[in-house]
Every structure is written in C-alpha cells, then in structure tokens.
Amino acid sequence: MATSDTAAGAATDVFEEHRSLLTGVAYRMLGRVTDAEDVVQEAWLRWSGADREAVREPRGYLVRITTRLAIDRLRQAQARHESYVGPWLPEPIATDFGHTVPDTAERAVLVESVSLAVLVVLESLSPLERAVFVLREAFGFPYGEIATALDRTEAAVRQLAGRARRHVDERKPRFEVDQRQRRDLTERFLAAAQGGDLEGLLALLAPDVRLIGDTDGKSKAPLRIMETADKIARFLAAVGQDIAVPDPELIFTELNGGPAMILFSAGRPDAAVSLDVADGRIQAVYIMRNPDKLTHLTELRPGDGGQ
C-alpha cells in the first residue's frame with residue numbers, strides 16, 4: 001500500500017511540475033480557459049493511468065497527450081463557432097508577466113503568443129498548424145519533438161510551421177509591448193470614454209482602429225466589428241457616460257499579457273476591455289461581454305483574492 005501511495009505521489013509531483021506548461025499549451029491552442037482546464041484534467045487522468053515506468057521523458061509525453069487532446073477539442077469547437085452570435089474573441093486570461101518574467105525577448109515572445117491579436121489570427125489556422133505554431137513559437141520546442149507529438153515527419157512539421165508563421169505575420173495587427181505606454185494609453189482611454197470626451201478619444205484612436213465586441217447575443221455590444229476612429233469614438237463617448245449596470249466597479253489588471261480593464265457589476269465581471277497599441281495610438285479595442293467567458297475573472301476583484 002505504501003509503495004502504491006508513493007508511486008501515486010510521485011506521479012502527482014511530476015504532473016504538477018509541468019501543469020503550467022500544459023495549461024499554457026492548451027489555452028493557446030483553444031483560446032478558452034475552461035476548455036484548457038478540461039484538457040489538462042483529461043491529460044492528468046491519462047497520466048495517472050499510464051504505465052509511467054515506460055515513459056522515458058515525462059515532459060514530452062505530457063505535452064503530446066495535451067496537444068492531441070486540444071486538437072480534438074479544437075475541431076469540435078470550430079463547429080460551435082459557426083452558430084456563434086456576432087464576433088468571436090478568445091476568453092481573456094489573467095497573466096502576470098509583469099512580475100514573473102523580466103522585460104526581455106523571452107517576455108516579448110510570451111506576450112505576443114497569448115495576446116488577443118495573435119489568438120484571433122490563430123483561429124484561422126488549421127488545428128495542426130495551430131499546434132505547430134504554439135509549440136514552436138511560444139514554447140520553442142524542437143521540430144523533432146513536435147513531429148513526435150503530432151505523429152508527423154519532421155519535414156512535414158517544418159512545412160506546417162513555415163505556413164503558420166507566414167499566415168500569422170501577414171494577418172496579425174502590429175502592437176506595442178511596452179507596458180508603460182500601453183498602461184498610460186489605457187488609462188487615458190478610460191478617462192476619455194467615461195467623460196464622454198469625443199476629441200480626447202479621437203486623439204487616442206488610430207484612423208483605421210477596429211472595435212470587436214464578443215457577447216454571443218447574451219449582452220449588449222456591437223454585433224458587428226466597428227471600424228474608423230470617428231464611429232468608434234462617438235460610440236464609446238455615448239456608452240462611457242451611461243454605464244447601465246448596478247453597482248459598477250472598475251479595476252485595472254493584466255489580461256493576455258497587457259493592461260486591461262474589468263467592469264464588475266454587483267460583484268460579478270460584466271465586461272473586460274483590452275487594447276492593441278502601436279505608434280502611440282490605439283489600433284484595436286476588444287470588449288468581452290459574453291458572461292460565459294468572464295466568470296473565471298471573478299477572483300480578480302479586490303477583496304475576493306484577486307489583484
């Protein structure tokens with residue numbers, strides 16, 4: 001019995017050592033916190049029931065299981081997206097790169113790989129292309145390990161990686177990773193919106209700025225992508241002055257590697273707003289109001305164990 005308990009404890013320790021990596025892979029693959037957690041839990045069940053003595057490299061084994069489970073779930077999710085009401089955005093995730101990763105090239109890669117701008121583009125990749133991109137670009141896995149994880153040849157993986165990288169580079173919006181500039185613009189954006197300051201908003205928005213709202217028809221937000229600074233500034237100035245939710249409370253936090261705002265209503269997250277910034281202007285405004293994608297952010301509310 002003691003031997004069995006010891007083995008179970010060792011299996012748990014190994015899995016917990018790699019949990020953060022597995023969650024990072026699953027989230028970047030799926031764009032949903034809840035789906036990523038489900039995949040990691042399923043990976044744990046498979047790991048706990050596996051012949052672990054035959055596993056020479058637990059990290060690679062666990063990544064392989066997680067990646068394949070995420071690919072299966074991603075294929076199912078793509079079918080669900082077809083019936084989604086309005087624009088679809090990834091589920092925002094709380095990050096802490098500002099405190100855990102130095103301001104280096106490594107941090108820039110992590111920020112980009114989890115940014116809403118890149119995750120939106122990844123939605124247009126095939127599941128295999130997305131898996132290769134995530135494993136190679138975000139986590140630096142060698143082509144040989146990725147080939148083993150996906151049961152493909154290394155030559156095929158290199159081809160997938162090149163195609164995915166070109167696709168992302170061609171379609172992702174430019175955005176600034178300087179956190180101080182992003183935070184400054186985020187605060188100025190909020191002040192202008194809350195004050196109904198049309199001129200102030202126009203000064204902050206790039207001429208070809210886009211506003212993307214995600215509700216799945218369950219809350220109020222534009223059901224189509226809005227474009228041009230004039231239209232978006234007028235919309236924000238009108239909405240910002242009339243926040244029609246009970247007991248509103250606004251906090252600043254870090255979501256998807258950058259400064260963001262979460263509006264709470266009666267203690268529950270009602271909206272999450274993030275910005276893409278480049279050349280000192282706001283290039284994109286992301287507004288998440290689908291309640292199903294906000295529940296997990298409740299813990300970020302001050303007084304509830306959040307930041």
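Q: How many salt bridges does the count come to?
A: This is a predicted model, in which local features need pLDDT of at least 70, side-chain atom pairs count only at pLDDT 80 or more, and totals for chains, interfaces and linings use all residues. Residues are numbered from 1 along each chain as its sequence is written, and side-chain values use heavy atoms, leaving out hydrogens and water. A salt bridge here is a side-chain nitrogen of Lys or Arg within 4 Å of a carboxyl oxygen of Asp or Glu. By this rule, the count comes to 22.

Q: Which helix holds both Glu42 and Arg46?
A: Their side chains meet in a salt bridge, at 3.2 Å from N to O. Helices (H or I, at least four residues) and strands (E, at least two) are DSSP runs, numbered from the N terminus. Glu42 and Arg46 are four residues apart, about one turn of the helix, and the run that holds both (residues 33–48) is helix H2.

Q: Is Glu129 buried or exposed?
A: Glu129 forms a salt bridge with Arg163, with the closest N and O atoms 2.7 Å apart. That pair links distant parts of the chain, 34 residues apart: Glu129 sits in helix H7 (residues 127–138) and Arg163 in helix H9 (residues 154–171). The cut-offs for relative accessible area are under 20% for buried, over 50% for exposed, and partly exposed in between (1.4 Å probe, protein chains only). Arg163, at 36%, is partly exposed, whereas Glu129 has 12%, so it counts as buried.

Q: How many residues apart are Glu154 and Arg158 in helix H9?
A: These two also form a salt bridge, and the closest N and O atoms are 3.2 Å apart. Glu154 is partly exposed at 37%, and Arg158 is partly exposed at 45%. They are about one turn of the helix from each other, and the spacing in residues is four.

Q: Which residues do salt bridges that share partners join into one network?
A: Glu154 and Arg158 both lie in helix H9. Elsewhere on the list, salt bridges with shared partners build one network, and its members are Glu112, Glu137, Arg165, Asp169 and Lys172.

Q: Which are the edge strands of the open sheet?
A: The sheet has six strands in the order S2-S1-S6-S5-S4-S3, with mixed pairing. Two strands pair if DSSP finds at least two bridges between them. Those that pair on one side only are strand S2 (226–227) and strand S3 (248–255).

Q: What is the bridge partner of Asp214 in S6?
A: Strand S1 (residues 205–214) runs parallel to strand S6 (residues 281–288), and six bridges join them. For Asp214, the partner in S6 is Met288.

Q: Which helix lies across S1 and S2?
A: Contact means heavy atoms within 4.5 Å, and axes are lines fitted to C-alpha atoms (for helices over the stretch in contact), with angles from 0 to 180 degrees between N-to-C directions. Helix H10 (residues 179–194) lies across S3, strand S4 (258–265), strand S5 (268–278) and S6, at about 35° to S4. Across S1 and S2, running at about 55° to S1, lies helix H12 (residues 229–240).

Q: Where is Ala266 found?
A: Most residues other than glycine have a negative phi. Ala266 has a positive one, near 50°, and at 51% relative accessibility it counts as exposed. Its place is the loop between S4 and S5.

Q: Why is the pair of Phe15 and Trp44 called edge-to-face?
A: The structure holds two aromatic pairs. Rings of Phe, Tyr and Trp (its six-membered ring) pair if their centres lie within 6.5 Å, and planes under 30 degrees apart count as stacked, over 60 as edge-to-face and the rest as tilted. The centres of Phe15 and Trp44 are 5.3 Å apart, and the pair is edge-to-face because its planes are at 65°.

Q: Which helix holds Tyr61?
A: The rings of Trp47 and Tyr61 have centres 5.7 Å apart and planes at 55°, so this pair is tilted. Trp47 lies in helix H2, 14 residues apart in sequence from Tyr61, which lies in helix H3 (residues 58–81).

Q: Which residue's ring does the charged end of Arg136 sit over?
A: A charge sits over a ring if NZ of Lys or CZ of Arg is within 6 Å of the ring centre and within 35 degrees of the ring normal. Arg183 lies over the face of Phe252, at 4.5 Å from the ring centre. For Arg136, at 4.1 Å from the centre, the ring is that of Tyr143.
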